[in-house]
Structures are given as structure tokens and as C-alpha cells.
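Keep the model open beside the text and follow along.

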Amino acid sequence: MTLRNLYEGNKKPRMNEYWKKLTEAQPRKRKLTFDTFREMHDLLRQTLISPGDYDMMMYSMLIHNIGKNPDVMRGVGLDPAMGSHDEAVRRLFSPEYEEQQQKFLPTFADSRIFTDRQKKTIADVLRLPFNLPGFVLSHRSPDEIRTIESVDAQTLAIHAWHGILDIAGTHVDNNHPESSLILNEPTARRLLDALDVLTEPPE
């Protein structure tokens with residue numbers, strides 16, 4: 001899992017092990033360097049400071065694909081044959097579809113799992129239409145930036161990392177399931193540059 005590979009292993013030998021797993025299937029000339037891997041590791045840990053932050057990220061990663069469920073799509077007013085699973089998740093975490101959220105994600109409301117603040121952060125992260133990798137790699141409209149103008153720094157950072165980890169975990173090698181084909185050195189540098197600009201504190 002890309003989140004675990006990037007987040008865990010503070011000691012260099014362990015980090016080296018996770019780096020090798022993440023890059024095992026990458027072409028040598030585009031392979032993610034250990035220095036860039038360590039930079040991503042440090043930045044991710046600066047974003048996910050507490051165990052609760054890690055749990056929020058893990059939860060949002062695990063349930064993101066629930067939007068592909070045809071029943072979920074229909075429940076939030078989308079046609080399963082035409083709808084976007086990202087839009088389905090955004091709707092599932094909007095107040096308008098609270099009943100559907102309780103139906104399909106009954107544990108989300110359990111106060112023993114997440115505090116109210118954590119639940120708000122998760123919902124805010126999953127409701128944002130902006131997608132950092134999509135914006136950087138697919139040359140989407142600059143207008144998408146306007147959707148994050150009023151988002152707080154932690155939510156924005158977690159959302160950005162959610163997008164990076166999601167795309168990294170989607171493009172994997174079948175023979176090396178922990179190796180990301182897309183999170184190579186050129187792509188990682190572009191994403192880190194964009195992340196730096198996106199999360200830079202205002203002057």
C-alpha cells in the first residue's frame with residue numbers, strides 16, 4: 001500500500017526497504033530516487049502529525065471506491081452507467097445525502113472511531129472537487145483552483161496527499177502490487193512542486 005510505504009519507516013534501513021517496494025517495477029531511468037522518496041516521506045509525516053491524522057487518511061483512502069457501487073450511485077441520484085464515482089463520494093458526504101451516508105457508511109457516525117473534528121475533516125477532504133494529480137498531469141482548467149480558495153491548510157494538505165496516494169496506488173504492476181508505476185521521479189517532482197505552491201502559507 002502506497003500510504004504505508006511512504007509514511008512508515010523512520011529509520012534509513014526500513015525506509016530503504018519501503019522505497020525498494022514502491023519502485024521495484026519502475027524503469028531505471030525514471031525511477032523515483034531515494035532522496036525524493038525521503039522528501040515525500042517527511043512531507044507526508046508533517047501533514048499526518050498524529051495517529052488520528054493517519055487514521056483519517058487511511059479511512060478516506062479505503063472508502064473512496066465506494067462511489068463505484070451502483071447502489072451508492074443510485075442513492076445519490078447518479079446513473080451507474082454514466083456517473084462519476086468521485087462525484088458519488090462527494091455527494092455521499094454532503095448534508096443533502098446524510099440518510100444515504102448512514103445507510104452505506106454506518107460506522108462513520110460512530111463517535112468511538114472519529115471525533116466530530118475528524119469527521120468534518122474527512123467530509124471536507126472527500127467533498128472537494130479539486131484533484132492535485134489531475135490538475136498537474138492532465139492539464140485541467142485553472143478554474144478548478146477556485147474551489148479550494150477558502151479551504152483550511154490541514155484539509156487542503158490531506159486532500160492533496162489523498163489525490164497523490166490514490167493515483168499512485170491505482171497505477172501498480174500486477175507482479176509487484178506495492179510498486180507504483182506512475183509515482184516515478186519526473187512525476188513525483190511535478191507533484192511536489194505543485195504541492196509546495198498549493199500549501200505555501202500566504203504572505
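Helix 2 (residues 12–23) and helix 3 (residues 34–47) have axes that come within 10 Å and cross at roughly 105°. Here helices (H or I, at least four residues) and strands (E, at least two) are DSSP runs, numbered from the N terminus. Axes are lines fitted to C-alpha atoms, for helices over the stretch in contact, and angles run from 0 to 180 degrees between N-to-C directions. Helix 2 and helix 3 are therefore roughly perpendicular to each other. That label covers 65 to 115 degrees; under 35 counts as roughly parallel, over 145 as roughly antiparallel, and the rest as oblique. Which residues make the contact? Helix 2 supplies Lys12, Met15, Asn16, Tyr18, Trp19 and Leu22, and helix 3 supplies Phe34, Phe37, Arg38 and His41. Contact means heavy atoms within 4.5 Å. By class, this contact has six nonpolar, two polar and two charged residues. Ala, Val, Leu, Ile, Met, Phe, Trp, Tyr, Cys and Pro count as nonpolar, Asp, Glu, Lys and Arg as charged, and the others, Gly among them, as polar.

A word on the source. This is a predicted model, where local features need pLDDT of at least 70 and side-chain atom pairs count only at pLDDT 80 or more, while totals for chains, interfaces and linings use all residues. Residues are numbered from 1 along each chain as its sequence is written, and side-chain values use heavy atoms, with hydrogens and water left out.

Next, helix 4 (residues 51–63). Its 13 residues should span 18 Å at 1.5 Å a residue, and its end C-alpha atoms are 18 Å apart, which agrees. The expected span is 1.5 Å times one less than the number of residues. The buried residues of helix 4 are Gly52, Asp53, Tyr54, Met56, Met57, Met58, Tyr59, Ser60 and Ile63. Buried means under 20% relative accessible area, exposed over 50%, and partly exposed in between (1.4 Å probe, protein chains only). The buried residues of helix 4 pack against helix 1 (2–7), helix 3, helix 8 (116–127) and helix 10 (153–170).

Now look along helix 10. Histidine 159 is placed in helix 10. At 8% relative accessibility, histidine 159 counts as buried. Leaving aside neighbours within four places in sequence, histidine 159 is in contact with Val125, Leu128, Phe130 and Asn131. Histidine 162 is also in helix 10. Is histidine 162 buried or exposed? Histidine 162 is buried, with a relative accessible area of 6%. Not counting residues up to four places away in sequence, histidine 162 touches Met57, Ser60, Met61, His64, Val125 and Leu126.

Aspartate 166 lies in helix 10 too. Aspartate 166 counts as partly exposed, at 25% relative accessibility. With residues up to four places away left out, aspartate 166 touches Met61 and His64. Threonine 170, in helix 10, counts as exposed at 52% relative accessibility. Threonine 170 and serine 180 are 10 residues apart in sequence and 7.9 Å apart in space, C-alpha to C-alpha.

Finally, step back to the whole chain. The protein chain has 11 helices and two strands. From the N terminus on, the elements run α-α-α-α-α-α-α-α-α-α-β-β-α. The radius of gyration is 17 Å, close to the 17 Å that the globule rule gives for 203 residues, so the chain is as compact as a globular protein of that length. That radius is taken over C-alpha atoms, and the rule is 2.2 Å times the number of residues to the power 0.38. Buried residues make up 45% of the 203 residues.
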